[in-house]
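Trainee: I'd like to learn how to read a fold, its pockets and its ring contacts. Could you walk me through one?

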Amino acid sequence: MKINFRLDGKVALVTGASYGIGFSIASGLADAGATIVFNDINQELVDKGLAAYKEAGIKAHGYVCDVTDEDGVNAMVAKIEKEVGVIDILVNNAGIIKRIPMHEMTAAQFRQVIDIDLNGPFIMAKAVIPAMIKKGGGKIINICSMMSELGRETVSAYAAAKGGLKMLTRNICSEYGEFNIQCNGLGPGYIATPQTAPLRERQADGSRHPFDSFIVAKTPAGRWLNPDELAGPAVFLASEASNAVNGHILYVDGGILAYIGKQPK
Ligand code: NAP
Ligand code: GCO
């Protein structure tokens, strides 16, 4: 029996993938043979991403598009289908976080996080599903979070969005499984990227950020994870090897969700 982890001949769109987790996932998909397409919210970021992919030996296709702009997303998908090919794999990676105590967060700030982190994946999935159905199937991977399962202070909007994204994942599975579309989530733990840089900043006295020490104690391996550690699980979920996996959130967290945390000395 030959298990197929390869993605040769497949077109993969990774949103918000000029750098960070999206870039690492796209690089892994390219390594497995996929043609990489990505978007970001301005030309400067897209150009930065194109240069980074080129340096990594990856011929990527970059588009400027805000995932919350439905007309813009539909136009981008049509352009990709014309210039590159029908999208076989969608990775809904683009996302933001606001760390503000809920009672101090404005409704506009809450809505902005929901718009990008939950409405964006809905708009993107809605745009690619019709062509996936016509083609006989496809893969949708939504980048969830520890906050799809857990809450913590100051991230109410983000947790609401990522919790919703978990259920959107399960609903796309339910509604489109019959068309050979598998929709799964990838739930990273705490990853060293620009998004979490504030949580790892050294204190004025040179000591570790309290949250940095907290996460190290909460992770069995005693470290932050590297974005590249998400590439393998993403390739699995994007490949035929996972055709019987649907509606699942694959947590790549180093064991955080399984661990009560190291006892303080
Ligand atoms: P990041 O470094 O902030 O990168 C996010 C990317 O998405 C950036 O390129 C960003 O562009 C782009 N983006 C933001 N809003 C967008 C929009 N409206 N349309 C298109 N692109 C947009 O974040 P990351 O750490 O790589 O995280 C990527 C994903 O993983 C996010 O969904 C995040 O919630 C999730 N995640 C992260 C961690 C972690 O520990 N880092 C853990 C679990 C889940 P700008 O630079 O202009 O903002
Ligand atoms: C935070 C972090 C987390 C990570 C990630 C964990 O402020 O707690 O930013 O939310 O980004 O989502 O899985």
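Predicted model: local features only at pLDDT ≥ 70, side-chain atom pairs only at ≥ 80, totals over all residues.

Trainee: How do the residues lining the largest pocket divide into nonpolar, polar and charged?

Mentor: The lining has 20 nonpolar residues, eleven polar ones and six charged ones. The pocket itself has a volume of about 820 Å³. Its lining is made of 37 residues, and Asn93, Ala94, Gly95, Ile96 and Gln195 are the ones nearest the centre. Two or more lining residues come from each of α1 (20-31), β2, α4 (107-135) and α5 (156-176).

Trainee: Which element gives the largest share of that lining?

Mentor: That's α1, with three residues.

Trainee: And what is the volume of the second largest pocket?

Mentor: About 240 Å³. It's lined by 18 residues, with Lys10, Gly137, Gly138, Lys139 and Glu240 closest to its centre. Here the lining splits into three nonpolar, eight polar and seven charged residues.

Trainee: Let's move to the sheet. What is its strand order?

Mentor: General idea to begin with: strands of a sheet pair through backbone hydrogen bonds, either parallel or antiparallel. In this model, seven strands make an open sheet with parallel pairing, in the order β3-β2-β1-β4-β5-β6-β7. The edges are β3 (61-64) and β7 (249-252); each has a single partner strand, so one side of each lacks a neighbour in the sheet. On average, neighbouring strands are turned by 20 degrees against each other, direction ignored.

Trainee: How many bridges join β2 and β3?

Mentor: Four, in the parallel sense, with β2 covering residues 35-40. One example: Asn39 has Tyr63 of β3 as its bridge partner.

Trainee: Which helix packs on the sheet touching β2 and β3?

Mentor: Helix α2 (residues 43-55), whose direction makes about 155 degrees with that of β2. Helix α3 (residues 70-83) lies across β1 (11-15), β2 and β3, and runs at about 155 degrees to β3.

Trainee: Last topic, the rings. How many aromatic pairs are there?

Mentor: A pair of aromatic rings is described by the distance of the centres and the angle of the planes. The count here is seven pairs. One of them, Phe5 with Phe236, is tilted: 6.5 Å centre to centre, with 45 degrees between the planes. Phe5 sits in the segment before β1 and Phe236 in helix α7 (residues 231-238), so this pair ties together parts 231 residues apart in sequence.

Note on methods
Residues numbered from 1 in each chain as written. Chains lettered and ligands numbered in written order. Heavy atoms only, no water. Pairing = 2+ DSSP bridges. Axes fitted to C-alpha atoms, helices over the stretch in contact; angles between N-to-C directions. Contact = heavy atoms within 4.5 Å. 1 Å grid on protein atoms, 1.4 Å probe; cavity = no way out; pocket = protein on both sides within 12 Å on 5 of 7 lines; lining within 4 Å. Points joined across faces, edges and corners; volume = space filled by probe spheres on them. Nonpolar A, V, L, I, M, F, W, Y, C, P; charged D, E, K, R; others polar. Phe/Tyr/Trp six-rings, centres within 6.5 Å; stacked < 30°, edge-to-face > 60°.
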